[in-house]
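Please view the sequence and the structure below before reading on.

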Amino acid sequence: MLSSVLVTGATGFIASRIIERLLARGHRVRGTVRSPKKPGDIDRLRELTGARERLDLVESDLILPASFDAAAVGCDVVMHTASPYAIDVSDARGELVDPAVNGTREVLAAASRAGSVRRVVLTSSMAAVTDEPDDRVLTEADWNTKSSLDRNPYYYAKTMAERAAWAFMEESKPPFDLVAINPFMVIGPSVTASLNTSNRLLLIDLLKGTYPGILSLTWGIVDVRDVAEAHVRAMEVADAHGRYLCVGEAMSMRQVVTLLKSSGYGGHKLPALSLDSGIATAIIKLAAVTQQKGTGSYLRSHLGRVPRYDTTKIRTELGVTFRPGAETILDTVRDLQRWGHLGN
Ligand code: NDP
């Protein structure tokens, strides 16, 4: 069955891939943009196959009341992906929590008032699942209970936003159901020229010498194309319900550096110094106080930890498969070169 789908934050890294996939499947898409201030990215959306006939773009902002009402009219599915994504901010409440939480409530209220919406797919995050990975295997039953305005504030914003969404469902009993997708570190080739935060953190910072050495960091990696597919299946599979952890392989910084070196990227400023021993990790955690606040709390909560997770639910219920991490990383680096993000 073809749907009319509202996608919030249309120019975003994940949203633009979702839109590409929806259009390819024949669905009609209405995308929201904050303002036409990213004309290049909007042009890329308009160039997608099927966009001329089936994509329209409207303006909405998460911080404005009732801003999504007109956008939701006539849609039967809403994919709410828009949310600020930043690690270092000066005003965590104003820049992260308020737009994430109030914006989620606004989008759900708009979906409810539209009357035509049968399902909302929410782009949540692993940040709503855990603040710092420990030895346990994470599942959809896990919730982040440690983040705060001072500790991993982006994680806090995502947790509060997903909690607000489930609370809205409980209290308002709207005429639609809610499915949450909880991706881990999303990287991959981008539809638009803008550099996404996670592509920068994982690959640009590695290739441009930002890291002082090889740190004891391990990321649960998921390809943006697989995340987009997960969203579309969450909309298409009638029985989809609850939350879905969305992640492929876990890879350490050492594994990523080794892969990049052996794939012809050794000429870039890849870290060489081994700083992933137990002692080095303890020292770097102490030294993290000298970093910007958000980066410091991220390092303290993630250094030396290896995320472990069970993705049975998304694989069996939605039939999603995940690309190997190495394939995603190499495709991403080629794409970063294509967009000129790596310089010459
Ligand atoms: P992007 O930064 O590429 O996209 C975020 C989108 O949200 C942009 O379109 C941005 O608009 C929009 N947005 C931000 N603030 C507002 C606002 N006040 N009003 C309206 N729109 C706003 O990030 P991603 O694509 O990576 O992230 C998309 C979603 O996925 C987010 O909810 C994020 O938390 C989640 N996520 C991302 C992960 C990742 O690793 N990338 C991992 C897990 C979850 P504009 O273009 O105008 O800035």
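A backbone N or O atom of Leu62 lies 2.9 Å from a nitrogen atom of the ligand, a polar contact in the sense used here (a pair of N or O atoms within 3.5 Å). Taken alone, the ligand exposes 890 Å², of which the protein buries 91%; such areas come from the Shrake-Rupley method with a 1.4 Å probe. The model is predicted, so that local features need pLDDT of at least 70 and side-chain atom pairs count only at pLDDT 80 or more, while totals for chains, interfaces and linings use all residues. Residues are numbered from 1 along each chain as its sequence is written, and side-chain values use heavy atoms, with hydrogens and water left out.

**The ligand and its shell**

- The ligand has 26 residues around it, and Arg34, Thr81, Tyr154, Lys158 and Asn196 come nearest; a residue belongs here if one of its heavy atoms lies within 4 Å of the ligand.
- By class, the shell has 11 nonpolar, 11 polar and four charged residues, where Asp, Glu, Lys and Arg count as charged and Gly is among the polar residues.
- An oxygen atom of the ligand is 2.9 Å from a polar backbone atom of Phe13.
- For Ile14, a backbone N or O atom lies 2.9 Å from an oxygen atom of the ligand.
- Helix H1 (13–24), helix H6 (153–172) and strand E7 (185–187) each give two or more residues to the shell; helices (H or I, at least four residues) and strands (E, at least two) are DSSP runs, numbered from the N terminus.

**The sheet of seven strands**

- This open sheet has the order E3-E2-E1-E4-E5-E6-E10, with parallel pairing; two strands pair if DSSP finds at least two bridges between them.
- Its edge strands are E3 (55–59) and E10 (242–246), each of which pairs on one side only.
- From one strand to the next, the twist averages 20 degrees, with angles running from 0 to 180 degrees between N-to-C directions.
- Strand E2 (residues 28–33) runs parallel to E3, and five bridges join them.
- Thr32 has Val58 in E3 as its bridge partner.
- Helix H6 packs on the sheet, touching E5 (119–123), E6 (177–183) and E10, where contact means heavy atoms within 4.5 Å.
- The direction of H6 makes about 165 degrees with that of E6.

**The sheet of three strands**

- A second open sheet has the order E7-E9-E11, with mixed pairing.
- Because E7 and E11 (250–252) stand at the edges with a single partner strand each, one side of each is left without a neighbour in the sheet.
- The twist here averages 50 degrees from one strand to the next.
- Strand E9 (residues 218–223) pairs with E11 in the antiparallel sense over three bridges.

Note on methods:
A polar contact is a pair of N or O atoms within 3.5 Å; within protein, one must be able to donate a hydrogen and the other to accept it, and residues adjacent in sequence count only if both atoms are side-chain atoms.
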